[in-house]
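Thanks for coming. Please have a look at it first.

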Amino acid sequence: MKKALLIFQILIRAVGTVMLILGLLSWTGLDPTLNLIKLHMLLGILLVISLWGLIFLGLRTHISPGLLVLMFGWSLVLPILGMSQSQILQGSAHWVLQVMHILIGIGALGQSEMVGGRIKTRLEEEASKVHKRPVRKVRVSD
Ligand code: HEM
């Protein structure tokens, strides 16, 4: 399970960072063809799947369910807002949605760090319990 945790964490960190860079490039007008945003949205699928993978590991290691529910809700709001924000609140207030989108995106990455950390602690606790378990003496009767 430790390996799966590491894979999801690396994926979320790498994909999240690339998404942030692509989004900012598009925001500054450096993406007239909108190809970067298409890539950004495609990577979004990988990000959401990785977040769900982390939630699955969280369920299996029994970490705080509240945190997992919050992360699941967040993982749905993020793509829904991203996909619909170009159609809603057009005009001078559009930046509010854009800032919200960035904050929710960075928030998802932060949550994944928190959940990942808790899963790691739980796995270490489990491993140390197994280590400390007293060795049962087996009487060999002849
Ligand atoms: C499933 C996830 C995501 C989807 C579907 C998505 C989709 C989008 C779309 C369609 C845009 C262009 C919106 C417009 O032109 O009005 C956009 C912009 C942007 N995204 Fe995302 N996004 C996602 C996740 C993220 C994440 C995780 C981050 C950062 C860590 C992020 C950062 C940005 C930034 C900086 C912009 C440019 C500013 C803005 O329009 O808000 N996005 N995103």
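How near do the axes of α1 and α2 come, and at what angle do they cross? Before the answer, one caution: this is a predicted model. The two axes come within 9 Å, and the crossing is at roughly 155 degrees. α1 and α2 are therefore roughly antiparallel to each other, since any angle over 145 degrees is put in that class. The crossing of this pair is left-handed. As for what makes up the contact of α1 with α2, its residues divide into 19 nonpolar and 7 polar, with no charged ones.

Let me step back to the whole chain. There are 4 helices and 0 strands, so in sequence order the pattern reads α-α-α-α. The C-alpha trace spans about 85 × 25 × 15 Å along the principal axes. The radius of gyration tells us about the form as well: the chain has 21 Å, whereas a compact globule of 142 residues would have a value near 14 Å. Buried residues make up 15% of the 142 residues in the chain.

Back to the packing, now with α4. For α1 and α4, the axes come within 11 Å and cross at roughly 165 degrees. That angle is again over 145 degrees, and α1 and α4 are therefore roughly antiparallel to each other. The crossing of α1 and α4 is left-handed.

What about α2 and α4, parallel or antiparallel? Their axes are 10 Å apart, and the helices pack at an angle of about 30 degrees. The limit for the parallel class is 35 degrees, and angles under it qualify, so α2 and α4 are roughly parallel to each other. The crossing of α2 with α4 is left-handed.

Next, the ligand. How many residues surround it? The count is 26, and the closest are Gly 23, Gly 44, Gly 82, Gln 98 and Gly 105. The elements that give two or more residues to this shell are α1 (2-27), α2 (35-60), α3 (65-84) and α4 (94-132). Sorted by class, the shell has 15 nonpolar residues, 11 polar residues and no charged ones.

Gly 107 is found in helix α4. Is Gly 107 buried, exposed or partly exposed? Partly exposed, because 15 other C-beta atoms lie within 10 Å, and that number falls between the limit of 12 or fewer for exposed and 20 or more for buried.

With 12 C-beta neighbours inside 10 Å, Gly 110 counts as exposed, because 12 or fewer is the cut-off. The C-alpha atoms of Gly 110 and Arg 13 are 9.7 Å from each other, and these residues are 97 residues apart along the chain.

Gly 117 is in helix α4 too. Gly 117 is exposed because 12 other C-beta atoms lie within 10 Å. Where does Gly 117 stand relative to Leu 5? The two are 112 residues apart in sequence and 9.7 Å apart in space, C-alpha to C-alpha.

One more residue from α4 is Val 99. Val 99 counts as exposed because it has 10 C-beta neighbours inside 10 Å. Val 99 and Val 48 are 51 residues apart in sequence, and in space they are 20 Å apart, C-alpha to C-alpha.

His 62 has its place between α2 and α3. Phi of His 62 is near 60 degrees, a positive value in a residue other than glycine. Why does His 62 count as exposed? Because there are 10 C-beta neighbours inside 10 Å, and 12 or fewer is enough for that class.

That is what I had; we can go to discussion.

Note on methods
Residues numbered from 1 in each chain as written. Predicted model: local features only at pLDDT ≥ 70, side-chain atom pairs only at ≥ 80, totals over all residues. Near = placed C-beta within 6 Å. Nonpolar A, V, L, I, M, F, W, Y, C, P; charged D, E, K, R; others polar. Axes fitted to C-alpha atoms, helices over the stretch in contact; angles between N-to-C directions. Parallel < 35°, antiparallel > 145°, perpendicular 65-115°, else oblique. Left-handed = near helix turned anticlockwise from the far one by under 90°. Rg over C-alpha atoms; globule rule 2.2 N^0.38 Å.
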